[in-house]
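Dear colleague,

Please find below the structure that I am handing over to you. My notes on what was found in it follow directly after.

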2 protein chains.
Amino acid sequence: MQFSKSTGHALHAVIHLARAERGQHVGIKELAALLGVSESYLSKIMSKLRQDGIVRAMTGASGGYELAKSANLITFLDVIQVVEGRQKMYECFNLDSQQHQLFFESEEQASQHTGHHEGNGCLVKKVMDGAEQQMVHYLQQHTIQGVLDSAAATSTK
Amino acid sequence: MQFSKSTGHALHAVIHLARAERGQHVGIKELAALLGVSESYLSKIMSKLRQDGIVRAMTGASGGYELAKSANLITFLDVIQVVEGRQKMYECFNLDSQQHQLFFESEEQASQHTGHHEGNGCLVKKVMDGAEQQMVHYLQQHTIQGVLDSAAATSTK
DNA sequence: CTATTATGGATATTGCAGGTCCATAAAGAT
DNA sequence: ATCTTTATGGACCTGCAATATCCATAATAG
């Protein structure tokens, strides 16, 4: 249950791009040196960020990366989902188990009337989804610009 | 970024034990069949749950598992941490990177006075830790008993 | 044209979750 | 006593995904 290293690299890379002057391109060489990772590996991550519309890329001399949109429109969640994907953090693999039948045995009868299950689904999953939602909401409220502001506040304190 | 299958099995197993009569032991055979996993694999998980004081185990004929404490004292977090461990979900691997020095270069000077860094640490990690805390808090507030109550409410609805 | 830079495919490497097997110990049943 | 039942823990296997590298190619500036 850990975020991948790639997620950390992606976040740090995007933050660095946000610090660069608008319109200025930052090369993979510079980024890789900054983060302390290989250029080839980081370029894969940057490529994903580009495909998902987080950054823009320019080939050729004096090319490189820049943010595709304003830093206050890029949330932590946006960047994280590029690397981690968008699957739920918990999936119930006991769907056909007796466990669930026990949970809903009374409801089975009730659904004879309505023709469908009212509270259908795994109760464990309900809680886990709720927990995930708490985290997702927090990550959605924190933007890259927020980190820059926070850094500025810390520096001048 | 997913909870392991083992975590799901642990949660379902504990819930089943909570449904059993107090003082009654449930064997690994029954649990494994219920969850649809092998006995040998599930026994590893149960063993961990025992070591962490979530369940008790009895060897010998008519042995098996039972909860070590009341179901309303066992939170989702308790069970999850048994399987997933207690490490943080995010660790910054760019500790020595230029990135951080940029963030705190002004603070470096400030800390000449106090002798230590006030806002020491990676700002990315601060956000990630905050996000984790949201989820942890939620999981800490949801108990095994809560699921049983919720199941009862659904059944009689 | 040439130098520079990103891209994407192919290909290791590696760590770990997932899973099995077995020898051992403990406890009840006969 | 010993037999059966049950949990325990060590050793081991396996597949896959995260990590990581290399290279041929394309695009662009000068």
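**Contacts with DNA strand D**

In this predicted model, a polar side-chain atom of A:Ser38 lies 2.6 Å from a phosphate oxygen of DNA strand D; a polar contact here is a pair of N or O atoms within 3.5 Å, and within protein one must be able to donate a hydrogen and the other to accept it, while residues adjacent in sequence count only if both atoms are side-chain atoms. A phosphate oxygen of DNA strand D also lies 2.7 Å from a backbone N or O atom of A:Lys5. From chain B, a backbone N or O atom of B:Gly60 is placed 3.3 Å from a sugar or linking oxygen of DNA strand D.

As to conventions, residues are numbered from 1 along each chain as its sequence is written, and chains are lettered from A and ligands numbered from 1 in the order in which they are written. The model being predicted, local features need pLDDT of at least 70 and side-chain atom pairs count only at pLDDT 80 or more, whereas totals for chains, interfaces and linings use all residues; side-chain values use heavy atoms, with hydrogens and water left out.

DNA strand D is surrounded by 25 residues, of which A:Ser38, B:Ile28, B:Lys44, B:Ser47 and B:Arg50 are the closest (a residue is near a molecule or strand if one of its heavy atoms lies within 4 Å of it). Of the atoms of DNA strand D that come within 4 Å of the protein, 67% belong to sugar and phosphate. The largest share of the surface near DNA strand D comes from α3(B), with four residues (helices are DSSP runs of H or I with at least four residues, strands are runs of E with at least two, and both are numbered from the N terminus). By class, that surface has eight nonpolar, 13 polar and four charged residues, where Ala, Val, Leu, Ile, Met, Phe, Trp, Tyr, Cys and Pro count as nonpolar, Asp, Glu, Lys and Arg as charged, and the others, Gly among them, as polar.

**Contacts with DNA strand C**

Among the 25 residues around DNA strand C, A:Lys44, A:Ser47, A:Arg50, A:Tyr65 and B:Ser38 come nearest. Sugar and phosphate make up 65% of the atoms of DNA strand C that come within 4 Å of the protein. A base oxygen of DNA strand C lies 2.2 Å from a polar side-chain atom of A:Lys44. The side chain of B:Ser38 has an N or O atom 2.5 Å from a phosphate oxygen of DNA strand C, and that of B:Thr59 has one 3.4 Å from a sugar or linking oxygen. The surface near DNA strand C receives two or more residues from each of α3, β1 and β2 of chain A and α1 (5-19) and α3 of chain B. Here α3(A) gives the most, with four residues. The classes are seven nonpolar, 14 polar and four charged.

**Helix packing and the hairpin**

In chain B, the axes of α2 (residues 28-35) and α3 come within 9 Å and cross at roughly 110°; axes are lines fitted to C-alpha atoms, for helices over the stretch in contact, and angles run from 0 to 180 degrees between N-to-C directions. α2(B) is therefore roughly perpendicular to α3(B) (65 to 115 degrees; under 35 counts as roughly parallel, over 145 as roughly antiparallel and the rest as oblique). B:Ile28, B:Lys29, B:Leu31, B:Ala32 and B:Leu35 of α2(B) meet B:Glu39, B:Leu42, B:Ser43 and B:Met46 of α3(B), contact meaning heavy atoms within 4.5 Å.

In chain A, strands β1 (residues 55-58) and β2 (residues 64-67) run antiparallel and are joined by four bridges, with two strands pairing if DSSP finds at least two bridges between them. A:Val55 has A:Leu67 as its bridge partner in β2(A). The hairpin has five residues between the strands, and A:Gly60 takes a positive phi near 85°.

Yours sincerely
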